[in-house]
Amino acid sequence: METEAQREDPARPAERAPTALVAAPFPETSPLDGSALANVDATAATEVPDVIARARAAQLEWAATPARDRAAIVAKVKQRLLSRAEEIADLVHRECGKPVEEAALAEVLPNADLVDYWTQSIEELLEGTTVELDAISYPGKVGRIHREARGVVGLITPWNYPVAIPLRTLVPALLAGNAVVWKPSEVSARSGAIVASLFEGLLPEGVLCLVQGGGDVGAAVVAGDVDAVVFTGSVATGRRIAVKCAERLVPCSLELGGKDAAIVLRDCDLERTARGLVWGAFTNAGQNCASIERVYVEKAIAKALTERVVALTKALRPGVDTAVMTTEKQCAIVRRHLDEAVKAGAEVLAGGAPEEGSLAFPPTVVSVASDDLALMRDETFGPILPIAVVETEDEAIERANASRYGLTTSLWTKRINHAHQLSARLRTGVVTINNHGFTAALPAAPWTGVGESGHGVTNSPHALGELTRPRFVLEDRAGGKSELWWYPYTPVLRTIAFAMARLRGGAGFFGRIGALFQLIGALPKRLLGGG
Ligand code: NAD
C-alpha cells in the first residue's frame, strides 16, 4: 500500500546543503521523442537571498504605482501571450508531452481571459472600504480598510500546467503591488522561462524574478526573506513548505493533490457523461490535480456506462488525442497502482501498462470492487479511470467523501435541483454538475480544496486574500481632549461601564431603566472631566 510518505523522495535536493555546484536538474530531452531540449541556466540556491533582496528593493516603488497604471502594464501580457500562442503551445507539447491542442486550449487561451479579468477588476478590488462606526460609542471616528500588497511573494509551481498555473498567481500578485520571486518546476523550466519572458521589459527591474532549479532552489525561496509563499504541487512538498513557513511565521497558500470522484446517477445523460468522464480522466494523460481518478456509478446504469466509456477510450488516437506522460517517476507510480489493483482482482477493460521504459501509458479503464487500493486512495496522477459500482447515491457520496483529498467532485444527473442538494454534502472545494474539472480556467471562480488538497485559493477575489493583507486606518475627527475609556479609571467610569452592560441586555426591563438613569447621571460628569 503506497502512502504519501513513500512518494517522498528521500534524496530530494531540498535536503541537501545549497551549493552553486549542484548539477542542473533539468531534463535534457523531450518525453515525446527524446529530442534535445534547449539549455536552461540554473540559479544556485546560494544566489536566492540576493534575488529576493532585489525584489524587495523594487517592490515599494511598484506598490506605490497606481493600480490603474500597473493594470495598463500587465494588460500588455495578453497580446504577447496570444501572438505567441503557437510557440508556447509547441514548447509545452515538447517539454511536457501533452497534445498541442491541449496546450493551446488549457495553457494559452484561458490566460487571455485571466489577464482581462484581473486588469479590469483590480482597481475596484483594491479600493478601500469604509467601516460603519456607531456615532454614539465612537463619535467623530471614521474607519477605512485598505488592501495592501504582502510585499515579496515566493511562488513555487509544478510541471503539469507550466503556463496556466503560474500565471494564475503571477498576474494578480503583480497587479496587487507585490514583487514575485518565482521558481518553476525543474521539469518544465523552459516553459517557465517563456512565461517570464511575457513580462520582459514591461515591469521595473526586480519586480518579477525568475529562479530556475530544483527543490533546493525552491527551499531557498521559502527560507528567504519573502512575505508570503504560494505553492502548487504535491502534498509531501506542501507539508515541508508549510512547516518552514510556520517557523518563519509567514503565510503560505497550498494547492496540493487530488483524488477526484465522479458520481454518476442512474438518470444521467449517458452519452454526455461517458464523454465527460473520458476527457476528465485522460486529458493531460491524467496528470491533472483534478483528474477523475474514481467513478462511482449507480448499479442500474453501470453496465451501459462502462461499455460506452470503454468504447470511447479505445477510440482515442495515440499521439493525437493522447500523448505521453511527462516523467518516468510519475509513470512508475501509475504502473504500481495498476499492478497492485490487478493483483487484488481489478479488471482492465481498456488500455493497460505499456512496455517497461515507455512513457506512452495508454488511457486505461479498470473495473474495481473495493476502495482499499492505492488506485482508489492515493493520487495516481496518470491515465487510469477506475469504475466502481454502488447500490445507492448515498453510498457514492460516502465513498467519494472518504478521501483525505477534496479538490473537485462531479455529479452527473438530469435532476439539477437534486444535484444542488447533493453538492452540499460533498467534502470538496469545487463541485461541478454534468461537467468536470475545467473551472480552474475560470478567473472569477475560486479554485480551492479541503483536507490534503490544501487550503490555498487561486482565481476570484478570494485569491486576493492570499496576495494582500487588510490594513485598517482609523481617523478621529472628534477633536476632544480625552476619550471615555482613557485614564483616569474612577468610580464614575466603573458605574458607566456596568450600567452600559445592563442597558445592552445584561438586565431585565426595570434594570435597564435603572441603568439608563445611572448613565444620564454619570456620563456628563465623566465627559466634563468631573469623574
Ligand atoms: P512537487 O511537489 O514535486 O514539486 C512542485 C514544486 O516544488 C517544484 O517546483 C519543485 O522543484 C518544488 N520543490 C520541491 N521540493 C521543494 C522544497 N523542499 N521546498 C520548496 N520547493 C520545493 O510537485 P510536482 O510533481 O511538480 O507536481 C505534481 C503535484 O502537483 C500533484 O500532486 C498535483 O496534484 C499537484 N497540483 C495541484 C494543483 C492544484 O491546483 N491543487 C494543480 C496542479 C498540480
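**Labels and their definitions**

Author: T413 is buried, with a relative accessible area of 1%.

Reader: Why is T413 called buried?
Author: Buried means under 20% relative accessible area, exposed means over 50%, and partly exposed lies in between, with a 1.4 Å probe and protein chains only. The value for T413 is 1%, so the residue counts as buried. A45 is also labelled buried, at 3% relative accessibility.

Reader: What kind of model do these values come from?
Author: It is a predicted model, in which local features need pLDDT of at least 70 and side-chain atom pairs count only at pLDDT 80 or more, while totals for chains, interfaces and linings use all residues. Residues are numbered from 1 along each chain as its sequence is written, and side-chain values use heavy atoms, with hydrogens and water left out.

Reader: Where does T413 lie?
Author: T413 is in the loop between strand 13 (408–412) and helix 16 (416–423). Helices (H or I, at least four residues) and strands (E, at least two) are DSSP runs, numbered from the N terminus. The protein has 19 helices and 17 strands.

Reader: What makes the link between T413 and D267 a polar contact?
Author: A polar contact is a pair of N or O atoms within 3.5 Å; within protein, one must be able to donate a hydrogen and the other to accept it, and residues adjacent in sequence count only if both atoms are side-chain atoms. The side chains of T413 and D267 are joined at 2.8 Å. The T413 side chain also reaches the backbone nitrogen of R415, at 3.0 Å.

Reader: Which residues does T413 touch, not counting residues up to four places away in sequence?
Author: They are L265, D267, C268, A419 and N434. Contact means heavy atoms within 4.5 Å.

Reader: How do you know that strand 4 and strand 5 pair?
Author: Two strands pair if DSSP finds at least two bridges between them. Strand 4 (residues 179–183) and strand 5 have three bridges, in the parallel sense.

Reader: What is the order of the strands in the open sheet of five?
Author: The order is 5-4-3-6-7, with parallel pairing. Strand 5 (208–210) and strand 7 (252–255) are at the edges with a single partner strand each, so one side of each has no neighbour in the sheet.

Reader: Why is a set of residues called a nonpolar core?
Author: The term means a set of buried Ala, Val, Leu, Ile, Met, Phe, Trp, Tyr and Cys residues joined through side-chain atoms within 4.5 Å. The largest such core has 43 residues, and those with the most contacts inside it include L167, V171, V180 and F199. Its largest share, seven residues, comes from helix 6 (residues 100–126). A second, separate core of 29 residues includes L338, A341, L359 and I384.

Reader: How do you know that the span of helix 13 is close to the expected one?
Author: The expected span is 1.5 Å times one less than the number of residues. Helix 13 (residues 328–343) has 16 residues, and its 22 Å from first C-alpha to last is close to the expected 22 Å. Its buried residues include I333, L338 and A341. After helix 13 comes G345, with a positive phi near 110°.
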